[in-house]
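Good morning, colleagues. Please look at the sequence and the structure on the screen while I guide you through them.

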Amino acid sequence: MDRLEAMALLVATVECGSMSAAGRKLAVPVATLSRKLSELEAHLGVRLLTRSTRRLELTEAGAAYLAASRRILEEVAEAEREATGEYLQPRGELVLTSPLSFGRLHVLPIVNAFLSENPEISVRLGLSDQQMDLMGEHIDLAFRIGNLADSQLVGRRIGDIRWVVVGAPDFLAAHGTPSVPAEAAALPCVGVDYMHLASSWRFRDLETGAEHLQPVRPRLAVSTAHAAIDAAAAGMGLTQTVLYEAAPAIAAGKLKIVLPAYEARPLPLSIVYPGRGRMPLKTRSFLDFAAPTLAAEMQRLDAIARGASL
């Protein structure tokens with residue numbers, strides 16, 4: 001029996017929540033997975049998992065063995081990184097994840113520039129609005145928008161993701177520029193069926209700090225911010241979105257920012273990574289490359305916003 005393989009199968013099974021899910025992730029038949037875990041239990045002489053039709057539960061011995069397995073597997077991975085020279089020069093595959101639209105607009109250009117300077121590194125970039133489990137999915141770095149909750153991760157704060165309300169210049173000329181949120185809600189709006197932006201918009205009085213939700217009744221509701229921005233640029237109404245989505249249309253003069261004195265509280269932007277063990281040079285090199293580049297990009301977006309506010 002390959003005990004390291006058995007440990008890895010146990011870890012994957014617990015993290016996935018079921019043998020079927022672990023089998024799909026590892027491309028291992030469930031029957032094979034079950035047999036190997038049974039062999040591990042027979043070798044140890046204890047039951048590690050209590051199986052039922054709905055879920056798996058660790059026994060007391062299983063919880064202790066799982067913790068030890070994770071530690072041992074990490075030490076083996078650390079030894080392999082050491083042996084392959086990942087601590088001597090930047091090399092190997094770097095696994096990253098980012099929110100879909102933000103990654104396409106801002107992370108991918110950074111990755112392209114980084115790869116051009118580091119020929120011995122390859123990158124696998126996952127673009128998804130689903131928040132991934134970095135340790136469970138063996139991800140080196142993640143770009144996160146919003147407050148960080150996972151205490152097992154280390155985060156480097158890069159900047160803020162700002163919210164803006166925008167409208168086309170011709171639309172504002174025809175309907176007037178709102179001076180308070182209630183006036184914006186009375187105008188034609190484009191809503192997004194995401195984070196409740198189809199029914200209410202977030203606002204904050206920058207003088208008092210008071211926050212509130214303003215109900216809106218959009219004439220048009222769409223499923224993505226990109227579509228809402230296109231509709232707003234076509235004169236269909238005001239829309240509320242994150243600055244990085246609207247910045248290209250703002251820079252091109254297709255949209256103007258309104259209600260800057262009521263801009264909603266921004267979302268923190270961070271780069272996060274697992275906080276255990278030494279960081280391979282490939283990861284450190286990318287972090288040191290990406291962080292200042294992305295911070296400068298956030299400052300550029302702020303400059304665009306300042307020039308487009310009414």
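Predicted model: local features only at pLDDT ≥ 70, side-chain atom pairs only at ≥ 80, totals over all residues.

Residues are numbered from 1 along each chain as its sequence is written, and side-chain values use heavy atoms, with hydrogens and water left out.

The protein contains ten helices and 14 strands; helices (H or I, at least four residues) and strands (E, at least two) are DSSP runs, numbered from the N terminus. Its radius of gyration is 25 Å, well over the 19 Å that the globule rule gives for 310 residues, so the protein is more spread out than a compact globule. That radius is taken over C-alpha atoms, and the globule rule is 2.2 Å times the number of residues to the power 0.38. Along the principal axes, the C-alpha atoms fill a box of roughly 80 × 50 × 35 Å. Of the 310 residues, 42% count as buried, where buried means under 20% relative accessible area, exposed over 50%, and partly exposed in between (1.4 Å probe, protein chains only). Among contacts (heavy atoms within 4.5 Å) between residues at least 6 apart in sequence, 74% join residues at least 24 apart.

In helix α2, residues 19-26, the buried residues are M19, A21, A22 and G23. Their cover includes α1 (3-16), α3 (30-44), β1 (49-51) and β2 (56-58). After α2 comes A27, with a positive phi near 60 degrees.

Helix α3 has 15 residues and reaches 21 Å from its first C-alpha to its last, close to the 21 Å expected at 1.5 Å a residue; the expected span is 1.5 Å times one less than the number of residues. Which residues of α3 are buried? They are L33, L37, L40 and E41. Seen down the axis of α3, these fall within an arc of 100 degrees, so they line one face of the helix; the arc is that of the directions from the helix axis to the C-beta atoms. On the other side of α3, A31 and A42 are exposed. G45 follows α3, and its phi is positive, near 75 degrees.

Next, the cores. A nonpolar core is a set of buried Ala, Val, Leu, Ile, Met, Phe, Trp, Tyr and Cys residues joined through side-chain atoms within 4.5 Å. The largest has 42 residues, and those with the most contacts inside it are F102, I250, I271, F286 and L294. Helix α10 (residues 281-308) gives the largest share of this core, eleven residues. A second, separate core of 15 residues includes A6, L10, L33 and L48. As for F286, its contacts beyond four places in sequence include L94, L96 and F143.

Finally, two single residues. S98 lies in strand β3, residues 92-98, and is buried, with a relative accessible area of 1%. Its side chain reaches the backbone nitrogen of G103 at 3.3 Å. Beyond four places in sequence, S98 touches residues including V107, L125 and F143. Q214 lies in strand β10, residues 211-215. Is Q214 buried or exposed? Q214 is buried, with a relative accessible area of 15%.

Definitions and conventions: Polar contact = N/O pair within 3.5 Å; in protein donor to acceptor, adjacent residues only side chain to side chain.
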